[in-house]
Amino acid sequence: MKLHDPNFRPGLVVLQVGDRDDSNLYISMKLKAAAEIGINATHMRLPKTATEEEVLHSITEVNENSSVHGLIVQLPLDSVHQIDTEKVTNAVAPEKDVDGLTSINAGKLSRGDLGDCFIPCTPNGCMELIRQTGVSVAGKRAVVIGRSKIVGAPMHDLLLWNHATVTTCHSKTADLAGEVGKADILVVGIGKAEMVKGEWIKKGAVVIDCGINHVPDETKPSGKRVVGDVHYASAKEQAGFITPVPGGVGPMTVAMLMANTVLGAKRFLESHQPGKWNISYTKLNLQKAVPSDIVISRSVVPKHIGNLAREVGLLSDEVELYGKTKAKVQLNIIKRLQGQPDGKYVVVTGITPTPLGEGKSTTTIGLVQALGAHMKLNVFACVRQPSQGPTFGIKGGAAGGGYSQVIPMEEFNLHLTGDIHAITAANNLVAAAIDARMFHESTQTDKALYNRLVPLSGGQRKFSPVQINRLKKLGIEKTDPSTLTEEEITRFARLDIDPSAVTWQRVLDTNDRFLRKITIGQSPTEKGHTREAQFDITVASEIMAVLALTSSLEDMRQRLANMVVATSRSGQPITTEDLGVCGALSVLMKDAIKPNLMQTLEGTPVFVHAGPFANIAHGNSSILADKIALKLVGPEGFVVTEAGFGADIGMEKFFNIKCRYSGLRPHVVVLVATVRALKMHGGGPMVTAGMPLPKEYIEENLELLEKGCSNMKKQIENAKHFGVPVVVAVNGFKSDTAAELELVCSVAKAAGAFDAVRCSHWAEGGAGAVALGQAVQRASEAPSNFKFLYDLELPIADKIRIIAQKIYGADDIELLPEAQHKVELYTKQGFGSLPICMAKTHLSLSHEADKKGVPTGFTVPIRDIRASVGAGFLFPLVGTMPTIPGLPTRPCFYDIDLDPETEQVNGLF
């Protein structure tokens, strides 16, 4: 086991109720033996007042603890309350029942399933002692005296399945001495001192004495001595082999307990080998006329999410169920799997987006369904959680489409497990803290402010840990509030935030154009402290970007503490730690950090976690989800994640930001393209929502298509800048002709793509993406020379210029005055070595959204630069873009409703 996993140790728990001396003696022997052979043994002691319910609760906790492989309930249960011993014994999980006392293990033993159960320790020890004599059990006549569940009954079964002819004797047996005299093998466990006499025993028999009895003996200090159920002195004259009491069966029982614990640990390792999945897939009932997404989603009954978790190697204590179709995964799985090799890492991106859509999400899901359900490879999809803004606005949901979806789509597109709501709460707590601090500083003296920040409690003042951190930041090495000088009190108490330099906004997960500019503080209670502010949509919050880039709870807490929310009047950055709110943010985010487990239509697993904006943030799902998935799939498996918008936006940030922080190296880029979208890049007419498509998009037009392929060629080039093989997925539509599809594939290969394949996963599910899956598998084995686009230590302007020139095809950049000021400010503040996250339109390679294809001869204007210090990047602003969308004339919510009888959500798409 150590060779398999150097950090692995078998775990044993001994559960005791009460404080009986004899139980304490037995338990100490077991714990000592466990320590000697390297088993992690724990003594769980409950008081005599423990109720049956409390005992059962403790057993359930141990059952669900994956580090424990054996559980012993020490009998008798010494409680002042009546406890059903049978019920308690059977509450132990059979796979941890190293005493072999549950009905399931006893039943398997009685049926002869010796390799699929735990054999009770005393009978198992007896069998080992018999084996050590060299006497063959097969064909012998065996007699067992006693029929207890612990010794007699299982001993009978063991001897029987080892081919002995077995007689069980008990208190009602007519001629006990006569039966004993026939025995070649005699096992006694009747609980009566020296009841079996030597003259009863057949000459040369093997005698195993399981009895422990106390008889008076004035020669002993205790006034008594221990004897067995067999009269040893006379029996040893007859027996060929006989066990002494004490010192015979007792030590073997402990040894067998240790052996069972090790066996339980081995079985655990065998059944939980990373990458060894026993997964079932869901068969699709494909319709030629593809129904709506919601109809397809509801045509499949999802697997219970607990079953899917077990199928992919998650343990019960690593999963928190949120109903039947979604669950959160605990971060402790990272430690369990840390020594396991990663699978293959694939990122799905696309050509520059158009209103016609490219289908990246659909392709991501179609690809994992192909790799899993059809190619029988372990595979995980890792996707972003969608904002509810677009769901009720104009775009609709983001669960994929057709026969390639995450299900249930209404769960996916609405609240999921509340992560976005947690971010909203955390973000707005920061906003409230900023304005409250400015208000209180402006209305109080230094002394009054200090006294309220460090209030009297029990007659003395005490700094909180977060205040100690602020003191250290200020260079004040004091921990006693009464020792600060007046100057130190002022520096500590006053953040002196410049109201015009507050960069932190309130957020809401709703499209609402009227919150783009607001005035806050208009109530008379705020005493005229008004200022202009705004709302962003929640997925634009820096906390969302932090969630996606964090690697642990500790790392998240530090990133949240480092978030810069404003600047002081003296030019110093103000962080959430300065505000004293960072610990509270960690509390609000403690559940959101756990990835959400869902599934595709065909039953392959999906992690849905984090959903940062793809322009002002990096537009990728979480590092944590990717890391966990890569361990779970094993070295031959695949993890497929999706980067937002086109390759020039989401993919570039995936490589330069996400991969820098994760340390992960992708094996393949999948670039999604459609004939329709490429025609638009070739100069095709604009389209209007709700109006019929112009004929250029539904009739063959090779000239227009070939011209538009320039955008695809540029995005292939962009991917190759990072040294990763590119597979082009041509997402097909009914109106595409064979000649058009062939043209796209041939142009892609000529441009340097590893391969280019047609896909029909929207209409056919995973079956329609098998060729893509095969191409991705081949590409993952091709040589890869991954590299970043720029060195972090370059000046800020140089990093921006490299992205603009190499990825967008710009001639140069132009830093406008505010951007130039920020370059100087952030360099001075020590943020100059952060990676760059360009906030640019996603609708063109240039900064002008209406420029399709591959624009040339342009200079990218940088109007401002902002810092997401906690998340860990600078984001230059190219032009203006709303950070909270508005609602159209006819939003999606017109069609969304709830059936009050079935509670079914209608109208989502």
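A search of the whole structure, a predicted model, returned one cavity of 30 Å³ or more. The largest cavity holds about 40 Å³ of space. Its lining consists of Leu71, Ile72, Val73, Thr89, Val92, Asp97, Asp99 and Leu101. Strand 3 (residues 70-73) contributes three residues, the largest share of this lining. By class, the lining of the largest cavity comprises five nonpolar residues, one polar residue and two charged residues.

Open space was also examined. The second largest pocket has a volume of about 1300 Å³. A total of 43 residues line this pocket, and Tyr26, Thr122, Cys210, Ile212 and Thr253 are those nearest its centre. At least two lining residues are supplied by each of helix 1 (21-37), strand 3, helix 5, strand 8 (213-216) and helix 9 (249-271). Strand 3 therefore takes part in the lining of the largest cavity as well as in that of the second largest pocket, as strands are defined by DSSP runs. The lining of the second largest pocket divides into 24 nonpolar, 13 polar and six charged residues.

Five strands form an open sheet in the order 5-4-6-7-10, and their pairing is parallel. Strand 5 (165-169) and strand 10 (241-242) are the edge strands, each pairing on one side only. Strands of a sheet pair through backbone hydrogen bonds, either parallel or antiparallel. Strand 4 (residues 141-145) runs parallel to strand 5 and is joined to strand 5 by five bridges; one of the residues involved is Arg141, whose bridge partner in strand 5 is Thr165. Strand 6 pairs with strand 7 over four bridges, also in the parallel sense, and Val188 has Asp209 of strand 7 as its bridge partner. Two bridges connect strand 7 to strand 10, again in the parallel sense, with Phe241 of strand 10 as the bridge partner of Val206.

Strand 7 is covered on both faces. In a regular strand the side chains alternate between the two faces of the sheet. In strand 7, Val206 and Ile208 lie on one side and Val207 and Asp209 on the other, and all four are buried. Helix 5 (residues 121-133) lies across strand 6 (185-188), strand 7 (206-209) and strand 10, and runs at about 150° to strand 7. Helix 5 also supplies at least two residues to the lining of the second largest pocket.

Definitions and conventions:
Residues are numbered from 1 along each chain as its sequence is written. This is a predicted model: local features need pLDDT of at least 70, side-chain atom pairs count only at pLDDT 80 or more; totals for chains, interfaces and linings use all residues. Side-chain values use heavy atoms; hydrogens and water are left out. On a 1 Å grid over the protein atoms alone, a cavity is a set of points where a 1.4 Å probe fits but cannot get out, and a pocket is an open set with protein on both sides within 12 Å along at least five of seven lines; lining residues have an atom within 4 Å of a point. Grid points are joined across faces, edges and corners, and a volume is the space filled by probe spheres set on the points. Ala, Val, Leu, Ile, Met, Phe, Trp, Tyr, Cys and Pro count as nonpolar, Asp, Glu, Lys and Arg as charged, and the others, Gly among them, as polar. Two strands pair if DSSP finds at least two bridges between them. Contact means heavy atoms within 4.5 Å. Axes are lines fitted to C-alpha atoms, for helices over the stretch in contact, and angles run from 0 to 180 degrees between N-to-C directions. Buried means under 20% relative accessible area, exposed over 50%, partly exposed in between (1.4 Å probe, protein chains only).
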